[in-house]
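Dear colleague,

Here is the structure to look over. My notes on its pockets and its ligand follow.

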Amino acid sequence: MKIVVLGAAAGGGLPQWNCGCQNCEMARHGQLPRMTQSSVAVSVTGARWAVLNASPDIRQQLDVVTVMHPGALRGTPIQSVVLTNGDIDHVAGLLTLREKTPFTVYATSDGLDLLAQNPVFGVLDAELVARRPIALDTVFEPIDGLHVTPFAVPGKVPLFMEDDDLDLQAMGEQTVGLKLQTAEKTAYYIPGCATVPDWLRHQLSDGDMILFDGTVWENDEMQQTGTGQKTGARMGHIAMAGADGSLARLAHLEGRKVYIHINNTNPVLRPDSPERAEVESAGWIIAQDGMELTP
Ligand code: MLT
Ligand code: MN
Ligand code: ZN
């Protein structure tokens, strides 16, 4: 299995257009690598790829990652796009993939409903771009030889779908993790997750590699950095730090661990920060755009 990080950042990217925080300013001045928004590509042979989440930055991502180039007068190595939720940073890139090249979109029926309710996605010609429902805990094969099982993880509906009944840790089709399996390897891709219950700790223990929600270091990080009021929990993202944080809750995992979907405020992005030293000494890798991972 080959995994390429197309975009390592959470929604907003690094730098974020309206943010003057320390990390965003460092990225503007070449002191931190820029990061585009949340997406990875997965392949078995290196010829055909499944893109997991379609980032608003996908046009740029497919340009700089050369294995994504068309390789023909018209075409793409992308066979499928798999969605883990309906957030803007995971679906907006579908609009860039118009232009009459076939591929298949896989999403839960919640995800497909969201596409169906927004007529702008009709720009993807239904004759060429099939939309296929995936069911929780049921294997599908978005590229030959890659068996993918979506499973519910605690999470909320997309920001633009929030209403008075909002459940921040709902379990259902609105937020899924993906178990990725080839004949040799198992990996997990979970870019959004609100908590790590005991069942999830156990479930992930068979992974050779896990790519996990690294949005915030601390729950109140946006308040601490003066960038906003929302906590990680309110955004549906578990913090790394603390007794209930992902660092502690996933410390038992023996597979390689990669933080992805990292918010621009997160201090782990700075190579000389104590937080970076802490996650690295716990064995975690901080994803970067273009990183090639082999589980
Ligand atoms: C998130 O991961 O919380 C979302 O991408 C936020 C957003 O839609 O901006
Ligand atoms: Mn996001
Ligand atoms: Zn910022």
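The lining of the largest pocket divides into eight nonpolar, twelve polar and four charged residues. Here Ala, Val, Leu, Ile, Met, Phe, Trp, Tyr, Cys and Pro count as nonpolar, Asp, Glu, Lys and Arg as charged, and the others, Gly among them, as polar. A pocket is an open set of points on a 1 Å grid over the protein atoms alone, where a 1.4 Å probe fits, with protein on both sides within 12 Å along at least five of seven lines; lining residues have an atom within 4 Å of a point.

This is a predicted model: local features need pLDDT of at least 70, side-chain atom pairs count only at pLDDT 80 or more, and totals for chains, interfaces and linings use all residues. Residues are numbered from 1 along each chain as its sequence is written, chains are lettered from A and ligands numbered from 1 in the order written, and side-chain values use heavy atoms, leaving out hydrogens and water.

Ligand 1 takes up the space of the largest pocket (more than half of its atoms lie within 2 Å of the pocket's grid points). Around ligand 1 are D87, D89, M235, H237 and H261, each with a heavy atom within 4 Å of it. By class, this shell has one nonpolar, two polar and two charged residues.

Polar contacts are pairs of N or O atoms within 3.5 Å. A ligand oxygen is 2.8 Å from a side-chain N or O atom of H237; for H261 the distance is 3.1 Å, and for D87 it is 3.4 Å.

Regards

Note on methods
Polar contact = N/O pair within 3.5 Å; in protein donor to acceptor, adjacent residues only side chain to side chain.
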